[in-house]
Amino acid sequence: MARLVVLLAVTALLMSGCVRVHGENAVVPALTPEEAAEVLARYADIGNEANPVYDAELNREIDTGPLGEINQAGHRARHAVHPEGNPNYRPLDFTDVRFAIPRQAGWPKFFLADAESGRAGDDNRWLLVFTRNSIEEEWRASYLAVVPPGDTPEPLLDGDGWAEAVPVTGEAGRLSGAYADFLAGASTGNAGEAGNIVFAEGRHTSGEVERREQEGTRPEFVVQYGDLAAEAAAHAPVGLRTTDGGALVFFASHHHEKKTWAEGETPVVDEYVEALMEGTPDRSVTSERLSIQAAAVPDGGGPVRVLARIAMTVTARGE
């Protein structure tokens, strides 16, 4: 692997209060830059073994939280459709890596890796949030955002080179619910704003609303949507203060989609959704999609830019 360029940054706690670790409340770095480089190298090594054969169980060794749920469902579906695997898989070989390593007390702990994937033709930055819940656990990735170069807000560093986390009890902690409300508002004409959080136009905001509207014009079926905040502890958001005074925030959300076909129509089901489906799709298919987003939250309450989104059907039911 090419020589890593390491940027060490530390962040404050995401939540108020301290959790005792081995009898201490010390606020210390989650790990060293050298250890973070080893974690990322392990991620690439195991990923390059699991991904081309769609091995969901092996993926559990490197992914957790919402990213783990998405990738493991994806592996199960793809393995069912392509049991021969993916002969065209392009291995990961991370380069130009920068680490943001929090100084934290208690658990869970996390850090951010910002790197190029090393894949030919892919100039995007991969932003991977790694986390673990105890000293006995391995580090696993819980969030991933693939962002064009230059589109990622820069972390704010203090005089010692440390970064600052944003509290999840503030606006960052409300993004999941606000995003779900934003998309749910598409059916009522109120999709421009969710509470006092406004989302900027873009592929993952107004573009998703337009996609749903176009889907609703098809005569062979009707679509019902249900959008929910991600409230599980494993889906907790992560945020870092940026140089513009705002924040870079990773968050998850849930999206249900029910398609009901007209009388006499035969349901047409995506092969990957069908691989995850329980029941028989006589008239309808309900898909539960989990999505993860990276967002730039400006200082002062301006429009939130959703920089990247990854969504995957994790369960489906036919009726």
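Figure 1. Strands S5 and S6 run antiparallel and are joined by 7 bridges, where two strands are said to pair if DSSP finds at least two bridges between them. Helices (H or I, at least four residues) and strands (E, at least two) are DSSP runs, numbered from the N terminus. This is a predicted model, in which local features need pLDDT of at least 70 and side-chain atom pairs count only at pLDDT 80 or more, while totals for chains, interfaces and linings use all residues. Residues are numbered from 1 along each chain as its sequence is written, and side-chain values use heavy atoms, with hydrogens and water left out.

**Figure 2. Val147 in strand S6.** Val147 belongs to strand S6, which spans residues 140-147, and is buried with a relative accessible area of 0%. Leaving aside neighbours within four places in sequence, Val147 is in contact with Asn124, Arg125, Leu127, Thr152 and Ala308, contact meaning heavy atoms within 4.5 Å. The C-alpha atoms of Val147 and Ala294 are separated by 8.9 Å, although the two residues are 147 apart along the chain.

Figure 3. Rolling a probe the size of a water molecule over the atoms shows where empty space is left. A search of the whole structure finds 1 cavity of 30 Å³ or more, a cavity being a set of points, on a 1 Å grid over the protein atoms alone, where a 1.4 Å probe fits but cannot get out, and its lining residues having an atom within 4 Å of a point. The largest cavity has a volume of about 30 Å³, the volume being the space filled by probe spheres set on the points, which are joined across faces, edges and corners. The residues that line the largest cavity are Phe110, Leu112, Val129, Val238, Gly239, Leu240, Leu248 and Phe250. Strands S4 (109-116), S10 (238-241) and S11 (247-261) are the elements that give two or more residues to this lining, and S10 gives the most, with 3 residues.

**Figure 4. Helix H1 and what covers it.** Helix H1, residues 33-50, has 18 residues and reaches 25 Å from its first C-alpha to its last, close to the 26 Å expected at 1.5 Å a residue, where the expected span is 1.5 Å times one less than the number of residues. Among the buried residues of H1 are Pro33, Val39, Leu40, Tyr43 and Ile46. The elements that cover the buried residues of H1 include helices H2 (56-59) and H3 (65-81), and strands S2 (95-100), S4, S5 (125-132) and S6.

Figure 5. Most residues other than glycine have a negative phi, and most peptide bonds are trans. Tyr54, in the loop between H1 and H2, has a positive phi near 55° and is buried, with a relative accessible area of 12%. Asp96, which lies in strand S2, has a positive phi of about 50° although it is not a glycine, and at 23% relative accessibility Asp96 counts as partly exposed. A cis peptide bond with omega of about 0° joins Trp107 and Pro108, and Pro108 is placed in the loop between strand S3 (103-104) and S4.

**Figure 6. Glu215 in helix H5.** Glu215 is found in helix H5, residues 206-215, and is buried, with a relative accessible area of 14%. Not counting residues up to four places away in sequence, Glu215 touches Phe221, Val223, Tyr225 and Lys259.

Key: Buried means under 20% relative accessible area, exposed over 50%, partly exposed in between (1.4 Å probe, protein chains only). On a 1 Å grid over the protein atoms alone, a cavity is a set of points where a 1.4 Å probe fits but cannot get out, and a pocket is an open set with protein on both sides within 12 Å along at least five of seven lines; lining residues have an atom within 4 Å of a point.
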